[in-house]
Amino acid sequence: MEQSHELLADEIAQKILEQIQDHTFKAGERLTVRKLCERYGTSETPVKQALNQLVSTGLVVSVPKCGMRVRTFEFQDMKNIWEARIMIEQYCASYAVEEAKRNEDFVRRMQDMLQVSNEEYEKCALEYTRENFRGLHKHDRMLHLELVKCSQNAQIIKMYDELNAHAGMFSGFRCHSPETLRQVEKQHTEIVKSLVLCDTDGLRQALSRHIYSTIQIYRSAWDN
């Protein structure tokens with residue numbers, strides 16, 4: 001029974017996530033266990049587990065005395081997170097280069113991840129739909145997280161995870177365009193190219209350009 005609850009919780013978490021991303025559940029909306037149980041026809045335990053999963057991803061926040069609410073993604077909050085992300089990724093750049101020097105499998109893995117990521121970005125650029133856009137965050141996150149893991153520092157990796165920097169990426173659908181997606185493709189390619197060349201300064205600069213470019217894309221959309 002415990003296992004079935006866990007599996008059901010995963011299914012419910014995925015449904016809530018999709019309904020946050022398609023704005024069925026609005027930013028700031030309260031998510032009550034009772035109403036979610038009615039919506040999904042299930043008991044409280046898997047619903048509570050699902051909500052806790054979404055809190056850990058940064059899509060839902062637990063507000064004292066108010067319960068669970070859909071996270072509100074404001075530009076300044078996202079900018080603060082991205083700037084913290086730059087600090088961590090640039091710090092880890094030297095470790096990633098050292099890993100590239102001694103580990104060919106790591107280099108191949110990064111190149112394979114880049115290829116898959118660029119293919120997904122290009123697919124979305126060709127058919128710019130909300131559904132295609134929603135899938136991009138996992139490819140972006142995997143590529144960057146792999147660099148951070150090279151630090152082999154559990155605290156740094158935990159800090160990076162807890163930023164949940166990619167949680168609000170779905171909100172960028174109104175900010176991006178096919179042109180900016182292709183810009184991201186080029187930036188990711190430059191990041192991996194610098195890594196393959198074992199160019200630490202080049203890698204740091206490529207990471208900085210990529211994330212600050214993202215900040216500017218979102219800033220322009222929020223200002224308008």
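**Figure 1. Glu83 and Lys79, four residues apart in helix 4 (residues 75-102), are separated by about one helical turn.** The model shown here and in the following views is predicted. Glu83 and Lys79 form a salt bridge, in which the closest N and O atoms lie 2.7 Å apart. Glu83 is partly exposed, at a relative accessible area of 27%. Lys79 is buried, at 15% relative accessible area. This pair belongs to the 14 salt bridges found in a search of the whole structure.

Figure 2. Arg85 is buried, with a relative accessible area of 5%. Glu89 is also buried, with a relative accessible area of 1%.

**Figure 3. Asp140 and Arg85 form a salt bridge with an N to O distance of 3.4 Å.** This pair connects distant parts of the chain, with Asp140 in helix 7 (residues 136-149) and Arg85 in helix 4, 55 residues apart. Asp140 is buried, its relative accessible area being 5%. For Arg85, the relative accessible area is 5%, and the residue is buried.

**Figure 4. A network of salt bridges links Arg85, Glu89 and Asp140.** Side chains of opposite charge can pair when their charged atoms come close.

Key:
Residues are numbered from 1 along each chain as its sequence is written. This is a predicted model: local features need pLDDT of at least 70, side-chain atom pairs count only at pLDDT 80 or more; totals for chains, interfaces and linings use all residues. Side-chain values use heavy atoms; hydrogens and water are left out. A salt bridge is a side-chain nitrogen of Lys or Arg within 4 Å of a carboxyl oxygen of Asp or Glu. Helices (H or I, at least four residues) and strands (E, at least two) are DSSP runs, numbered from the N terminus. Buried means under 20% relative accessible area, exposed over 50%, partly exposed in between (1.4 Å probe, protein chains only).
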